[in-house]
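Here is a friendly walk through one protein model, from confidence scores to a pocket and a single side chain. Keep the viewer open as you read.

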Amino acid sequence: SLVLAAGVAQADVSFSGKGEVSVAAATGADTMSVRSGYDLDVAVSGASDNGITYSMGFDMGAGSLIDYNDDYAIDGQVAGIAPSALTIGYAGVTIVVGQNEVDDLYDDQQNGDVGISGSFGSLSFSAVADTDDGASSNSFSLSGSADAMTWSFVTTDNNAAVDSSGDDTVDNSGESASKLTVGYTASDALSLSFKHDTKGSSADAVNTLGATYAMGSLTLGLSGADDDTTDYSVGYAAGPLSVAFATDESDNWEFNSTYNLGGGAQAFVSTNSTEFAAIGMSFAF
């Protein structure tokens with residue numbers, strides 16, 4: 001008993017997660033069905049005598065949760081426990097080590113094994129390396145700010161999501177690619193952005209201009225790119241209610257709304273142009 005108590009005293013264990021119940025229909029489904037699920041996160045953390053911090057964790061779940069404001073999909077929860085990455089922190093530098101547990105900084109559809117991040121004054125940096133044989137990737141990012149301007153640069157030597165044909169399909173050609181993003185806060189209400197994305201040598205680079213304008217509880221967004229794509233968005237947030245609507249030049253649209261019920265619980269409604277639809281309630285614990 002004394003040995004076990006000493007072990008517990010040297011590390012902190014925390015539990016958190018989300019439970020959910022909904023009525024939802026996936027894209028292309030004819031009917032809506034009742035669904036429920038949960039996701040449980042377990043984290044273990046501690047610190048050595050010389051100031052090194054460390055943490056690991058895992059998540060497990062069952063049933064289905066609704067991705068109602070990003071991918072607009074029904075996400076099945078895996079009951080098994082996946083391998084965990086080890087996170088080490090020291091003197092403002094963070095190192096993450098885990099097989100395929102670190103997202104590539106340019107393209108999060110692929111993963112690396114070792115990541116390091118930190119900052120020097122107003123500059124922040126990150127690097128991710130993949131130690132696997134074959135089509136491994138290495139990526140790097142650098143970001144900073146000056147007065148009302150922010151900027152970031154990210155690059156990878158193996159972009160797994162290259163659209164070389166221009167038909168919105170991925171050919172996995174594994175080319176290097178880079179992205180430069182600049183943001184400017186013109187006023188309390190207006191924010192501007194510019195992004196240059198090389199996409200890879202087989203694809204044309206894309207330049208995108210964007211603007212966001214806030215009027216009290218209402219936020220308007222507009223962006224246009226030189227590949228003939230345009231995005232429009234409207235958001236509303238007041239008290240416990242938030243509503244978001246977005247569409248593009250092809251009439252693809254997305255709508256979601258949440259209502260904060262207090263105590264970590266919220267109700268949601270979500271639908272889009274692919275006939276995905278969901279209504280439900282979730283609670284955090």
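Strands here are DSSP runs of at least two residues, labelled E and numbered from the N terminus. With that in mind, strand E13 (206-215), strand E14 (218-225), strand E15 (230-238), strand E16 (241-248) and strand E17 (253-262) each give at least two residues to the lining of the second largest pocket.

**Confidence**

Please bear in mind that this is a predicted model. The average pLDDT of the protein is 89, and 90% of the residues reach at least 70. Residues 1-8 have a pLDDT below 50, and this stretch makes zero contacts in the model beyond near neighbours in sequence. Residues 162-172 also stay under 50 in pLDDT, yet for them the model has 17 contacts beyond four places in sequence.

**The whole protein**

The protein contains one helix and 19 strands. Some overall values are gathered here.

| Property | Value |
|---|---|
| Span of the C-alpha trace along the principal axes | about 65 × 45 × 45 Å |
| Buried share of the 285 residues | 25% |

As for contacts between residues at least 6 apart in sequence, 32% of them link residues at least 24 apart.

**The second largest pocket**

Asp231, Tyr232, Ser233, Ala246 and Thr247 are the closest to its centre among the 16 residues that line the second largest pocket. Sorted by class, the lining holds five nonpolar, seven polar and four charged residues.

**A look at Val182**

Is Val182 buried, partly exposed or exposed? Val182 counts as partly exposed because its relative accessibility is 23%, and the buried class requires a value under 20%. This residue sits in strand E11, which covers residues 175-185.

Which residues does Val182 touch, once its neighbours within four places in sequence are left aside? Val182 is in contact with Met149, Thr150 and Trp151, and also with Leu192, Ser193 and Phe194. For a distance to check in your viewer, take Val182 and Asp157: they are 25 residues apart in sequence, and their C-alpha atoms lie 22 Å apart in space.

Terms used. Residues are numbered from 1 along each chain as its sequence is written. This is a predicted model: local features need pLDDT of at least 70, side-chain atom pairs count only at pLDDT 80 or more; totals for chains, interfaces and linings use all residues. Side-chain values use heavy atoms; hydrogens and water are left out. pLDDT is the predictor's confidence in each residue, from 0 to 100. Contact means heavy atoms within 4.5 Å. On a 1 Å grid over the protein atoms alone, a cavity is a set of points where a 1.4 Å probe fits but cannot get out, and a pocket is an open set with protein on both sides within 12 Å along at least five of seven lines; lining residues have an atom within 4 Å of a point. Helices (H or I, at least four residues) and strands (E, at least two) are DSSP runs, numbered from the N terminus. Ala, Val, Leu, Ile, Met, Phe, Trp, Tyr, Cys and Pro count as nonpolar, Asp, Glu, Lys and Arg as charged, and the others, Gly among them, as polar. Buried means under 20% relative accessible area, exposed over 50%, partly exposed in between (1.4 Å probe, protein chains only).
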